[in-house]
Amino acid sequence: MRIHSPLAIPMLWLALISLCQAAPSAAQASRAPQATPQQGLTVVRDAETGELRAPSAAESEALRARTAAPSARPPLPALVTGADGRESVRLGNSRLVYSVVKRGPDGKVDHQCVEGADGVHAHLNHGAPGGAQEKARHDHR
Amino acid sequence: MITAKLPIRVSAGALARLAAVALLFAAGVACVAWPGAAHAATIVIVNQNAPGVGFNDPTRAEPVGGNPGTTLGEQRLIAFQHAADTWGATLDSDIPIRIDAAFEPLSCNATSAVLGAAGATEVWANFPAAPRTNTWYPAALAAKLAGEDLTDPGDAHIVATFNSQLGLTPTCVPGLTFYLGLDNNAGAQIDLVAVLLHEIAHGLGFQSFTDDETGLTLLGRPSIWDHYLLDNRSNRTWAQMTSAQRAASARAWRGLSWNGANVTAAVPGALGPLPVLSISGGAAGAAFGRYAVGVAAFGTPLGTTAFRGEVMPVVDQANGNGLACTTLSAANAQTVRGKVALVDRGVCDYAVKARNVQAAGATGMILADSVAGEVAGMPGEAPDIAIPSVRITRADGLRLKTALQTRSRTMSGVMARMSIDPERLAGADDQRRMLMYSPTVNAPGSSVSHYTTEASPNQLMEPSINADLSHEIAPPRDLTLPLLQDIGW
């Protein structure tokens, strides 16, 4: 029985394949999430089965580190202080929680909740951003 | 319960926009028996859509699932009202909660889409009657606690936007549409009411405003959330930790618990027992021990009476793995007959694998993940499957396979015991506190601000909205309301 090293094999087989340009049709909408410069659907070839699949969280992180500089949250507005000491910060869209859905080739749907435009981008273009565990939980295979 | 719609204009800057306001008065109505839910709040939905689109889309629609609307826009608004009504009848506040709501085109492509987004528009600290100083509260909660509306009357406390194109255009996951019924019968569609209940909860305060990736607090102050988010290894809350410590704890699987009294009191009645797999036997070697497992939605559920069997692997791949996606060969069938079959994740559905090993005579199935990560469940409907199945991590699968290398054709000497631990709860820590979602690789926005994916039954505020959810938001079925009560609702 061959037992593969979980670390070595992805380095040998990891294949970044940009299948298509994403279509952020909402970019024009005033309150739509902001598109980021990096677009494209990313898959990896599984080292053991040979099939294409969404990258795991670790693979996504590795790909992101190799292909793009990490993006930062937009700067927050300044603190507003009232006469009695009360304080507030307008969050804008910076802390919105997005609900994102992804349909697999078999028609089954994975559903994920992510925060901010970064999380949306990661999910739409790289699969589940949070790792195999939640992706796997709601996959049927 | 009284529901009224009043047409208004949103602002001078949006003259072209009509706004319909749905005032949801839920006075004196309690939908649930959970203590503290006997009061009510008023939730005002401010329709931000222009005429002809979104909530005002005139496309004809047939009433569905208790939603009597006759246009797409009406049905969207009614579903939105229904979700807001559920929260309004459950929360307690003298200050009306305003939600700026719209259906607009959001990011999507042929296979993926943003369903919607919601959140608090602003946070407040050091306001009159604030329970904790130097702590951020979401706007709606701050208003309740202060007894006055801190937010400008023209602004909302929560913003919520949903995708108006989902499933309706070739470039937006064609065919995958929102289910607009109110009866929790979405089938293969996206249950809008469930998504709304989830997203509105985030807007009400079911989230930290501290960065879950860097651990940096917002302008140097913790969120009210952070006072209850406990690193269960150091026994310190996020409010007591450094940024580096917070960032590390956000990546500690099973390392974050919710330390609020309301949630902790409700956990024993809400969560089921923890499923476990124990490996023993003369050949177990380093694989000996107890394993965390995900359970299957099909087959015989695990119980207090343990299921026992000898583990034997399916091998149908050149690399030694066993996918069991087709009828097992005679050799594999002989190997797993009367045994617990070890198979690998991939290529076909979990239920297909279970069906194939069951047909070959296996009495149970252990599925080893093919992708690194934490334990997860196995969804699927398969009433024809009777054998019990559990899922283990890739790392644990490799450990088990190592022990099986000394097997003969029909024996391994590695024994499996599948059962539940009545002393432990699925989704809770050793102290029976609710676990929060903290995957080892950070998932921005998912980590920390959701319940663990190990909860059983599934909870509304897990990172994903599962198909088996009801529309309940309170115990004994759901733990969303007690968490909001912990932070001050």
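Strands (E, at least two residues) and helices (H or I, at least four) are DSSP runs, numbered from the N terminus. The model is predicted: local features need pLDDT of at least 70, side-chain atom pairs count only at pLDDT 80 or more, and totals for chains, interfaces and linings use all residues. Residues are numbered from 1 along each chain as its sequence is written, and chains are lettered from A and ligands numbered from 1 in the order in which they are written.

E4(B) runs parallel to strand E3 (residues 43-47) of chain B, joined by five bridges; strands pair if DSSP finds at least two bridges between them. B:Val44 is opposite B:Arg98. Between E3(B) and E4(B) the chain passes through helix H1 (residues 72-88), a left-handed β-α-β crossover (right-handed would be clockwise from the first strand over the helix to the second, with the strands pointing away from the viewer). Strand E8 (residues 158-163) of chain B also pairs with E4(B) in the parallel sense, over six bridges, and B:Ile158 in E8(B) stands opposite B:Ile99.

Elsewhere in chain B, an open sheet of mixed pairing has eight strands in the order E15-E14-E21-E17-E18-E19-E20-E16. Strands E15 (289-292) and E16 (294-295) of chain B are at the edges with a single partner strand each, so one side of each lacks a neighbour in the sheet.
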